[in-house]
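Hi everyone, thanks for coming. Today I'd like to walk you through one protein, slowly and in plain words.

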Amino acid sequence: QLQLVESGGGLVHVGGSLRLSCVASGFSLDYYGLGWFRQGPGEEREGVGYISGSGESTKYLDSVKGRFTISKDNAKNTAYLQMNSVQPEDAGVYYCAVKYGRSGASALFSMPNSDYDYWGQGTQVTVSS
């Protein structure tokens with residue numbers, strides 16, 4: 001069964017850190033580019049960071065640059081989103097999604113959400129001031 005499972009969400013204070021994980025099963029992340037997305041209440045789902053299948057290229061939403069870092073450990077078939085200096089606007093449900101192929105991070109950034117092949121179920125991030 002092809003599956004993505006996110007974890008690591010929770011309550012974080014403003015300025016704090018969280019690390020989200022996305023574990024893939026039933027397929028290898030080696031062959032997929034990956035994006036992290038978030039969706040706040042009543043908001044559209046937006047991409048915050050992308051990483052190519054090889055892990056060689058990354059791209060971030062401007063508002064998270066310098067604070068969030070996306071990485072992959074293909075041996076563990078797991079991707080991560082390290083969130084530092086978390087702000088209230090970072091709250092929401094965070095999803096990982098994958099796109100088959102060797103697209104670079106910039107191409108992944110430009111793709112509509114509907115182009116992604118598989119999505120996880122999401123993990124909630126709540127930011128407390």
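Let's start with overall size. With 129 residues, a compact globule would have a radius of gyration near 14 Å, and the protein has 13 Å, which agrees. That radius is taken over C-alpha atoms, and the globule rule is 2.2 Å times the number of residues to the power 0.38.

Before we go further, a word on what we are looking at. This is a predicted model, where local features need pLDDT of at least 70 and side-chain atom pairs count only at pLDDT 80 or more, while totals for chains, interfaces and linings use all residues. Residues are numbered from 1 along each chain as its sequence is written, and side-chain values use heavy atoms, with hydrogens and water left out.

Along the principal axes, the C-alpha atoms fill a box of roughly 40 × 25 × 25 Å. The protein has 1 helix and 11 strands; these are DSSP runs, numbered from the N terminus, with helices being H or I of at least four residues and strands E of at least two. Reading from the N terminus, the order is β-β-β-β-β-β-β-β-β-α-β-β.

How much of the protein is buried? Buried residues make up 44% of the 129. Here buried means under 20% relative accessible area, exposed means over 50%, and partly exposed is in between, using a 1.4 Å probe and protein chains only. Now for contacts, meaning heavy atoms within 4.5 Å: of those with a separation of 6 or more, 62% join residues 24 or more positions apart.

Next, the inside. In soluble globular proteins, nonpolar side chains tend to be buried together. The largest nonpolar core here has 27 residues, and those with the most contacts inside it are Leu 34, Trp 36, Val 48, Leu 81, Met 83, Tyr 94 and Val 125. By nonpolar core I mean a set of buried Ala, Val, Leu, Ile, Met, Phe, Trp, Tyr and Cys residues joined through side-chain atoms within 4.5 Å. The elements giving two or more residues to this core include strand S4 (32-39), strand S8 (78-83) and strand S11 (123-128). The largest share, 4 residues, comes from S3. Apart from this core lies another one, of 8 residues, among them Phe 37, Tyr 50, Ala 97 and Leu 108.

Which two residues form a disulfide? They are Cys 22 and Cys 96, with their sulfur atoms 2.1 Å apart; a disulfide is a pair of cysteine sulfur atoms within 2.5 Å. Cys 22 lies in strand S3 (residues 18-25) and Cys 96 in strand S9 (residues 92-100), so the pair ties together parts that are 74 residues apart in sequence. The structure holds 1 disulfide, and both Cys 22 and Cys 96 are buried. The torsion about their S-S bond is about 70°, so this disulfide is right-handed.

Let me finish with a few single residues. Asn 77 sits in the loop between S7 and S8, and Asn 77 is buried, at 14% relative accessible area. A polar atom of the Asn 77 side chain lies 2.7 Å from the backbone oxygen of Phe 27.

Is Gln 39 buried or partly exposed? Gln 39 is partly exposed, at 25% relative accessible area, and lies in strand S4. The side chain of Gln 39 makes a polar contact with the side chain of Arg 45, at 3.2 Å. A polar contact is a pair of N or O atoms within 3.5 Å; within protein, one must be able to donate a hydrogen and the other to accept it, and residues adjacent in sequence count only if both atoms are side-chain atoms. The backbone oxygen of Glu 43 also lies 3.1 Å from a polar atom of the Gln 39 side chain.

Last stop: Lys 59, in strand S6 (residues 58-60). Lys 59 counts as partly exposed, at 26% relative accessibility. The C-alpha atoms of Lys 59 and Phe 109 are separated by 7.1 Å, although these residues are 50 apart along the chain.
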